[in-house]
Amino acid sequence: MAVELQFVRRPKPVQALIDSMIMIKRSSRHIIRNTDQLLGTFFQPIMFLVLFAAVFGGAISKALPEGVSYLNFLMAGIIVQTVAFGSTTTAIAVCNDLQKGIIDRFRSLPMNNLAVLSGHVISDVFRNGISTVVMLITGLIIGFRSHASALDWLAIAGILLLFTLAFSWLAAIMGVLAKSVEGVQWMSFIIVFPLTFASSAFVPTEGMNPVLKAFAENQPISQIVEAVRALILGTPIGNHGWLAVIWCLGILAVSIPLAAWLFKRQGTR
Amino acid sequence: MAKNDTVIDVRDLKKSYGDNKVLKGINFKVQRGSMLALLGPNGAGKTTTVRILSTLLPFDGGTVTVEGHDVHNEADKVRSVIGLTGQSAAVDELLTGRENLVMMGQLYRLTNDSAKARADELLEEFDLVNAADRPAKTYSGGMRRRLDLAVSLIAAPPIIFLDEPTTGLDPRSRIAMWEIIKRLMASGTTILLTTQYLEEADQLADRIIVIDGGKVIAEGTAKELKSKVGKDRLELTFKTEKALKAAKDVLGKAVSETDGNDHTLSLVINDTNKDVKEILEKLSDKNIAIESMAVHKPTLDDVFLSLTGKQKQAEKKEEEK
């Protein structure tokens with residue numbers, strides 16, 4: 001061997017952080033290399049936005065408050081739905097790592113293993129950021145207008161960031177538990193689909209039956225949608241802002257340690 | 001450090017999955033700079049052993065130390081001195097060969113410069129320079145294995161675990177892999193190899209332990225194991241059934257087994273030169289014509305079959321008790 005190898009020694013927490021950065025770089029490269037997924041990142045949100053606005057716009061606009069266009073109403077819902085559906089990517093990535101031999105490689109290295117999960121979660125945040133920007137631009141082209149100030153947009157970004165993190169960590173749990181990628185897709189379909197549609201993401205909750213309405217108005221997705229929507233439309237945000245933040249923090253407080261524990265346990269079987 | 005010290009020390013290693021006892025008390029040592037082959041059929045416990053040694057699996061009993069570190073209590077210390085090449089090529093398929101190498105180097109705590117320089121060196125050494133900047137998913141099976149092994153060598157660990165490194169490879173790739181492994185041995189790396197191919201253990205390893213049913217059933221050099229099973233055999237094929245019968249009568253007791261289909265006799269011989277000469281003389285005295293003859297030396301396959309067969313019989317007896 002000709003190359004003289006230099007090793008670095010850093011304190012454990014610093015090392016854990018650097019491991020995470022290395023894994024974020026890895027997962028982010030996956031976003032670019034995985035062309036099928038890249039297509040989804042760009043076109044799925046555009047498709048949903050245009051379809052929903054065109055198909056439901058006429059019928060639903062009558063149920064909306066005076067002066068609110070369906071497109072403006074829909075924007076918050078579509079963004080949140082895209083993030084929620086997009087978290088499946090984290091689950092699939094985690095599941096893939098566990099099914100293939102590469103997880104053994106990572107586990108046999110002197111690294112912080114949780115970095116494998118955080119790498120996927122954080123790169124998911126980047127991907128969702130791209131999706132959201134694509135949607136906003138598409139929205140602006142087809143007539144979306146917002147009353148939000150720069151500060152409001154900052155708040156929107158903050159809420160969406162928390163929401164993405166929360167859902168991606170939940171998805172990481174699914175990825176660890178699932179036995180196959182198909183399993184992941186079904187699991188997330190069964191959980192994410194009803195949560196997104198039984199909410200105020202696409203329609204006002206007024207027309208729902210009482211039981212569904214009670215669920216739809218109090219579940220986390222609706223809180224996030226309502227908070228983002230209020231900021232976009234410039235209407236009073238009420239309790240939705242801090243409820244959205246509390247839901248996200250609550251989910252994170254449970255899902256991160258749970259994902260870490262399950263991930264560690266998975267390897268020892 | 002002393003030259004012949006023990007690098008891997010496994011004592012009374014036990015592991016069960018529920019009621020299924022996979023390892024029933026395994027003992028072995030690997031000396032610095034040597035290669036030990038764990039030889040055994042599928043399900044013998046080879047991969048389980050390697051996974052335990054590389055800190056991936058907890059175990060139920062016994063002690064395992066690698067470079068003096070307990071694999072259970074000092075996993076991180078063990079991880080920084082080992083490299084693992086598993087059965088499934090553990091590379092990131094979406095990353096290029098070079099990216100895989102550099103990333104793993106960084107995770108091994110190499111500086112960025114060292115990781116990059118070492119990656120270049122390994123790409124050269126493993127004949128992957130042309131494919132270095134292509135995603136690993138475009139690699140052939142042999143290239144993937146080479147990349148996988150290169151990745152485990154990125155930090156030049158003094159100990160390498162090779163878990164069935166040539167399973168599923170075509171003969172050419174297998175021989176290329178053997179060449180690489182031989183070079184690795186020449187560089188002084190301590191290697192633990194698992195394989196189900198006797199030829200592979202025979203070609204590469206200094207010492208072999210045969211495991212079956214979670215136990216070590218034999219241990220030694222390839223030569224020692226072969227001499228345990230045995231003796232050379234002379235196979236004689238005759239033209240006709242009649243000649244075969246006549247030969248049997250003449251040779252009498254020396255006949256160990258016959259194969260009626262193609263008029264072949266198999267004889268155990270102790271001293272190749274003397275015995276063959278005697279047998280041929282006896283036959284020519286009686287004018288018995290031989291169609292063909294061949295001397296067979298025992299292969300590790302014979303060793304393996306005879307050992308694993310004995311093991312099965314012993315188990316049966318145990319069960320009957």
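Student: How are the residues and chains labelled, and which pLDDT limits apply?

Tutor: Residues are numbered from 1 along each chain as its sequence is written, and chains are lettered from A in the order in which they are written. In this predicted model local features need pLDDT of at least 70 and side-chain atom pairs count only at pLDDT 80 or more, while totals for chains, interfaces and linings use all residues.

Student: How many residues does the largest nonpolar core have?

Tutor: A nonpolar core is a set of buried Ala, Val, Leu, Ile, Met, Phe, Trp, Tyr and Cys residues joined through C-beta atoms within 7 Å, where buried means that 20 or more other C-beta atoms, placed from the backbone, lie within 10 Å of a residue's own. Here the largest has 91 residues, and A:Val80, A:Ala172, A:Val228 and B:Ile154 have the most contacts inside it.

Student: Which residues of chain A and chain B are in contact, counted by number?

Tutor: Contact means that two C-beta atoms, placed from the backbone, lie within 7 Å; by this rule 26 residues of chain A meet 33 of chain B. On the side of chain A, α1(A) gives the largest share, 6 residues, a helix being a DSSP run (H or I) of at least four residues and a strand one (E) of at least two, numbered from the N terminus.

Student: What is the order of the strands in the open sheet?

Tutor: Strands pair if DSSP finds at least two bridges between them, and in chain B 6 strands follow the order β6-β7-β8-β3-β9-β10 with mixed pairing. The edge strands, each pairing on one side only, are β6 (82-85) and β10 (215-220) of chain B. Strand β9 (residues 207-212) of chain B pairs with β10(B) in the antiparallel sense over 5 bridges, and B:Ile208 has B:Gly220 in β10(B) as its bridge partner.

Definitions and conventions:
Buried ≥ 20, exposed ≤ 12 C-beta atoms within 10 Å, placed from the backbone.
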